[in-house]
Amino acid sequence: MELACPIPISDYDRILLAHGGGGKLMHQLIEKMIFNELKNEFLEQTHDGALLPIKGNKVAFTTDSFVVNPLFFPGGNIGDLAINGTVNDLVCCGAKPLYLSLSFIIEEGLLMDDFWKIIQNIKAAALKSGVKIVTGDTKVVEKGKGDGIFINTAGIGELIPDLSINPIHCQTGDVIIINGAIAEHGIAVLSKREGLTFETDIVSDSASLNTMMEAVFEVSNKIHVLRDPTRGGLASTLNEIAQASNTGITLYEKNLPISESVKGACELLGFDPLYVANEGKIVVILPEDAAEKVLETMKEFPEGKGSCIIGKVTALHPGKVHLETVIGSKRMVDMISGEQLPRIC
Amino acid sequence: MKYVDEFRDAQLVRTLIKAITSATSQSWNIMEICGGQTHSIMKYGLLDLLPNNIHLVHGPGCPVCVTPIEFIDRAVHLSQQPNIILASFGDMLRVPGSQSDLLSVKAQGADVRTVLSPLAALELAKQHPDKEIVFFAVGFETTAPAIALSIIQAKKMELNNFSVLVSHVLVPPAMEAILSNPQNKIQGFLAAGHVCTVMGTREYFSIAKKYQIPIVVTGFEPVDILAGILRLLQKLEAKDNVVVNEYKRSVKEDGNLAAQKTLWEVFSPSMQKWRGIGKIPQSGLKLNKPYRKFDAVEKFELQQIMAEESKICIAGEILTGQKRPFDCPAFNKSCTPENPMGAPMVSSEGACAAYIKYFNQ
């Protein structure tokens with residue numbers, strides 16, 4: 001029997017960049033072509049990592065790939081991004097990150113000094129988050145077959161007892177917290193991309209969040225959902241959660257933490273900060289009565305100083321995200337289709 | 001953010017809505033010309049706040065939406081040639097041509113670059129003297145002077161590997177085309193603030209007089225748009241068919257004279273086809289003789305590339321305000337932002353895409 005491709009060829013006969021943009025196209029690709037074909041009880045958790053029972057211990061296991069261009073951007077480079085991203089995925093499973101693997105796919109011609117700087121950032125980020133790099137691999141590909149360097153990681157963490165964190169646990173009455181200003185990473189990277197150079201003081205928010213979140217887990221075991229709103233931004237992450245839990249999410253525009261510089265850059269480019277990537281942010285969804293203590297704890301850490309409540313979970317409009325605008329109206333916040341493209345005028 | 005937050009003030013919005021409601025004695029069809037205004041109206045949910053008897057009709061001011069399909073095909077064709085780098089504004093990349101779009105040919109190896117300004121395309125021409133750089137120039141009067149400037153500079157620097165694929169359009173002839181249509185329902189216009197920043201407001205005086213219709217120039221923030229609607233309603237109710245500038249912080253009656261001078265140095269008005277609408281006299285821009293060697297259509301002999309638009313897509317009726325996106329049988333069914341059949345579903349300024357993105361469903 002020949003299996004037909006579930007994404008009609010008439011729509012797209014090739015993979016586009018938008019298929020990796022964190023929006024609807026990427027979700028279609030993952031759900032129809034990967035999840036459906038390879039499904040099992042662990043993949044079906046649709047978590048940032050898989051929760052695996054290994055001889056009585058519960059372990060979280062995740063993987064990620066880093067393909068950022070440019071490799072060096074204000075506030076970091078691809079090295080710390082890889083460590084922080086992997087650590088944060090484990091944190092979002094409610095785990096204590098322990099061991100990471102690193103695979104480098106290096107393009108012939110990468111400056112040795114650049115590779116060294118990347119390794120130094122990896123070292124510093126691993127040290128800060130307390131994880132060990134325990135295995136790895138290095139491949140070199142011909143010039144033109146890579147973008148300087150790609151990094152693939154895997155991470156293992158130990159599940160913290162008494163926590164049960166999963167997007168499907170999102171409940172009516174919960175509140176939504178974020179740990180500070182959004183859209184900084186995406187705009188910082190974009191400001192250095194060829195052809196789009198503009199002057200800005202915006203720095204990537206790349207950071208590991210395990211130290212802060214371990215302190216949070218100490219004070220509360222009531223958290224329902226944790227997610228890092230990376231590619232596709234806050235809007236895509238919240239849409240995923242609303243869909244997974246079949247709840248409605250309402251955001252308050254006036255509470256959304258966005259720096260003046262990011263607002264300005266987004267106005268200029270015609271971008272919506274809700275769809276711009278973050279690399280040091282975490283969405284915390286929990287019952288309202290547990291929020292105050294968690295907020296207090298998060299604010300004690302540099303990466304949580306700007307923590308605030310940005311929305312609530314409701315029984316209205318299940319599966320969808322709405323925004324109460326600054327002018328008092330309401331509108332839908334859809335998942336982006338592909339990538340945001342700078343506008344004409 | 002200064003000059004932005006003041007125009008998104010909730011109290012001011014409430015006051016304006018109240019004033020609009022009490023100023024309206026009957027139902028009115030108002031067209032906002034510019035896609036940027038359509039986008040703001042959706043983004044801020046203004047349709048929900050306005051009284052029911054005010055019908056906002058979304059106009060043709062989305063540059064991506066009105067670019068004829070053969071121009072997309074020409075751009076796709078160029079980008080598939082070896083040795084050509086095609087530079088374009090980001091929104092153009094996803095617009096479907098008759099066979100393909102620029103993002104898809106990029107995925108197949110074509111060198112398609114997103115730039116924020118035509119001057120960045122000029123930079124590419126300097127950096128790659130061995131390649132041909134073609135800038136896909138679309139837009140209204142707002143972006144045209146910058147395109148003109150890049151062509152003047154290319155001439156000065158003798159950059160013979162630079163050319164432009166021009167599909168530029170002008171607003172006033174399109175307004176006249178809408179008003180001359182026997183089925184026209186539009187009773188008042190919100191004119192596009194950015195276009196008027198460049199061109200001024202004078203060219204609207206004769207339209208207001210000839211067609212007996214009030215025109216209010218306004219901006220893009222919610223308070224701008226509502227203040228524009230209020231002023232327009234006052235004029236409509238008083239049957240006072242004049243041009244009013246409600247965007248004084250940006251628009252002067254004469255506009256930006258230096259930008260206009262640059263524009264007319266390089267371009268002259270010409271017959272132009274609008275996607276979904278058809279040909280409108282004097283609504284496009286063609287290169288003047290001294291600059292014609294920068295015309296990509298002539299340079300690469302693209303005249304023979306022509307195409308037909310999808311028969312299902314009702315873009316033309318949407319862009320002229322005859323129908324709304326919900327009236328289209330393909331809307332959100334066979335035509336979605338992931339698989340657009342027509343341009344209004346592509347650009348963030350297109351009415352169909354804005355309805356899908358922001359409408360409470």
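Trainee: Which residue in E7(A) does Ala95(A) stand opposite?
Mentor: Ala95(A) faces Leu159(A) in E7(A). Bear in mind that we're looking at a predicted model.

Trainee: Okay, and how many bridges join those strands, E5 and E7 of chain A?
Mentor: There are 11 bridges between strand E5 (residues 95-107) and strand E7 (residues 149-159) of chain A, and the two run antiparallel.

Trainee: What about E5(A) and E6(A), parallel or antiparallel?
Mentor: Those run parallel: 9 bridges join E5(A) to strand E6 (residues 132-141) of chain A. One pair to look up on your screen is Ile106(A), whose bridge partner in E6(A) is Val140(A).

Trainee: Remind me, what do strands of a sheet pair through?
Mentor: Backbone hydrogen bonds, in either a parallel or an antiparallel arrangement.

Trainee: Now the sheet with E9(A) in it. What's the strand order?
Mentor: The order is E9-E11-E8-E12-E10-E13-E14 in chain A, which makes an open sheet of 7 strands with mixed pairing. At the edges sit strand E9 (225-227) and strand E14 (330-332) of chain A, each pairing on one side only.

Trainee: What's the average twist there?
Mentor: From one strand to the next, the twist averages 25 degrees.

Trainee: And how does E9(A) run relative to E11(A), parallel or antiparallel?
Mentor: Antiparallel, with 3 bridges joining E9(A) to strand E11 (residues 283-287) of chain A.

Trainee: Let's switch to chain B. How confident is the predictor in chain B?
Mentor: The average pLDDT for chain B is 93, and 99% of the residues score at least 70. For the complex, the predictor gives an ipTM of 0.81 and a pTM of 0.87.

Trainee: Nice. At what angle do H7(B) and H8(B) pack?
Mentor: Helix H7 (residues 118-127) and helix H8 (residues 144-156) of chain B pack at about 25 degrees, and their axes are 8 Å apart. That angle makes H7(B) roughly parallel to H8(B). Their crossing is right-handed.

Trainee: Which residues make that contact?
Mentor: On the H7(B) side you'll find Pro118(B), Leu119(B) and Leu122(B), and H8(B) brings Ala146(B), Ile147(B), Ser150(B), Gln153(B) and Ala154(B). By class, the contact of H7(B) with H8(B) has 6 nonpolar and 2 polar residues, with no charged ones.

Trainee: H8(B) also meets H13(B), right-handed or left-handed?
Mentor: The crossing of H8(B) and H13(B) is left-handed. The axes of H8(B) and helix H13 (residues 257-266) of chain B come within 8 Å and cross at roughly 60 degrees, so the two helices are oblique to each other.

Trainee: What classes of residue are in that contact?
Mentor: The contact of H8(B) with H13(B) divides into 9 nonpolar, 1 polar and 1 charged. Among them are Leu149(B) and Ile152(B) from H8(B), along with Leu263(B) and Glu265(B) from H13(B).

Trainee: Last pair: why are H9(B) and H11(B) called roughly parallel?
Mentor: Because angles under 35 degrees count as roughly parallel, and the axes of helix H9 (residues 171-180) and helix H11 (residues 202-211) of chain B cross at roughly 5 degrees. H9(B) and H11(B) are therefore roughly parallel to each other. Their axes come within 10 Å.

Trainee: How many charged residues are in the contact of H9(B) with H11(B)?
Mentor: There are 3 charged residues, plus 7 nonpolar and 1 polar. The residues that meet include Glu176(B) in H9(B), and Glu203(B) and Lys210(B) in H11(B).

Terms used:
Residues are numbered from 1 along each chain as its sequence is written. Chains are lettered from A and ligands numbered from 1 in the order in which they are written. This is a predicted model: local features need pLDDT of at least 70, side-chain atom pairs count only at pLDDT 80 or more; totals for chains, interfaces and linings use all residues. Side-chain values use heavy atoms; hydrogens and water are left out. Axes are lines fitted to C-alpha atoms, for helices over the stretch in contact, and angles run from 0 to 180 degrees between N-to-C directions. Helices (H or I, at least four residues) and strands (E, at least two) are DSSP runs, numbered from the N terminus. Angles under 35 degrees count as roughly parallel, over 145 as roughly antiparallel, 65 to 115 as roughly perpendicular and the rest as oblique. A crossing is left-handed if the near helix is turned anticlockwise from the far one by less than a right angle, and right-handed if clockwise. Contact means heavy atoms within 4.5 Å. Ala, Val, Leu, Ile, Met, Phe, Trp, Tyr, Cys and Pro count as nonpolar, Asp, Glu, Lys and Arg as charged, and the others, Gly among them, as polar. pLDDT is the predictor's confidence in each residue, from 0 to 100. Two strands pair if DSSP finds at least two bridges between them.
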